[in-house]
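Biologist: I have a chain open here and want to go through it with you. Can you take my questions one by one?

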Amino acid sequence: MAGQQTARRVPLRKCIVCGVKTDKRGLIRIVAPQEGPVEVDATGKARGRGAYVCRSGGMEHDRLGRGRLDHSLRRKLTEEEWSALVSSIGAARDTEQR
Ligand SMILES: [Zn+2]
C-alpha cells in the first residue's frame, strides 16, 4: 500500500462496538480486573482483561456494547455493573471532548 506510515509507533486499538481502529487516545479502555467490578480504566494501565470503546461513539454504543463487552471481557456484566459503566463512559467522554 503506497503512503503507508510504518514509522509511527502509536498502537492502534479497535472499538469493540463499531470496529473503528484508532489510537488509544481516541478510545476509552474498559477493564475487567480479576477481582472487583468492571470499570473504566482512566490510566490505561490497569491489570485485567481490557476492551476499548471509541470516545466518539454515541448511544448506540451503549445499547449495542453490552453483549460485545461481555464477549470481549469474557465476563457477564450485571445490570448494576453495566449501568455504572455506561455513566462512567459518559463522564469520560464529557471530560475529553470539551
Ligand atoms: Zn465505536
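Biologist: Which backbone oxygen lies 2.9 Å from a polar atom of the side chain of Arg29?

Modeller: That is the backbone oxygen of Ala46. Keep in mind that this is a predicted model. The side chain of Arg29 also reaches the backbone oxygen of Gly48, at 3.4 Å.

Biologist: Where does Arg29 sit in the fold?

Modeller: Arg29 belongs to strand β3, which covers residues 27-32.

Biologist: Is Arg29 buried or exposed, and why?

Modeller: Arg29 counts as buried because its relative accessible area is 13%, and the cut-off for buried is under 20%.

Biologist: What is Arg29 in contact with, leaving aside neighbours within four places in sequence?

Modeller: The contacts of Arg29 include Glu39, Val40 and Asp41, and also Gly44, Lys45 and Ala46. Further along the chain, Gly48, Arg49, Gly50, Ala51 and Tyr52 are in contact with Arg29 too.

Biologist: Which class does Cys15 fall in, buried or exposed? And what about Cys18?

Modeller: Cys15 is buried, because its relative accessibility is 2%. Cys18 has 41% relative accessibility, so Cys18 counts as partly exposed.

Biologist: Which residues is Gly26 in contact with, if I skip neighbours within four places in sequence?

Modeller: Gly26 is in contact with Cys54 and Arg55. Gly26 itself is in the loop between β2 (21-23) and β3, and is partly exposed because its relative accessible area is 25%.

Biologist: Now the whole chain. How many helices and strands are there, and in what order?

Modeller: The chain has two helices and five strands. From the N terminus the order is β-β-β-β-β-α-α. Buried residues make up 34% of the 98 residues.

Biologist: Which residues have the most contacts inside the largest nonpolar core?

Modeller: They are Ile30, Val38, Leu69, Leu73, Leu77 and Leu85, in a core of 19 residues. β3, β5 (49-54), α1 (59-73) and α2 (79-96) each supply at least two residues of this core.

Biologist: Take Leu69. What does Leu69 touch, beyond residues up to four places away in sequence?

Modeller: Leu69 touches Ile16, Ile30 and Ala51, as well as Arg74, Leu77, Trp82 and Leu85.

Biologist: Where is Ile16 found, and how far is its C-alpha atom from that of Leu69?

Modeller: Ile16 is in the loop between β1 (12-14) and β2. The C-alpha atoms of Ile16 and Leu69 are separated by 7.1 Å, and the two residues are 53 apart along the chain. Ile16 is buried because its relative accessible area is 19%, and the limit is under 20%. Its other contacts include Tyr52, Val53, Gly65, Arg68 and Ser72.

How values were computed:
Residues numbered from 1 in each chain as written. Predicted model: local features only at pLDDT ≥ 70, side-chain atom pairs only at ≥ 80, totals over all residues. Heavy atoms only, no water. Helix = DSSP H or I, 4+ residues; strand = E, 2+ residues; numbered from the N terminus. Buried < 20%, exposed > 50% of the residue type's maximum accessible area, 1.4 Å probe, protein only. Polar contact = N/O pair within 3.5 Å; in protein donor to acceptor, adjacent residues only side chain to side chain. Contact = heavy atoms within 4.5 Å. Core = buried A, V, L, I, M, F, W, Y, C linked by side-chain atoms within 4.5 Å.
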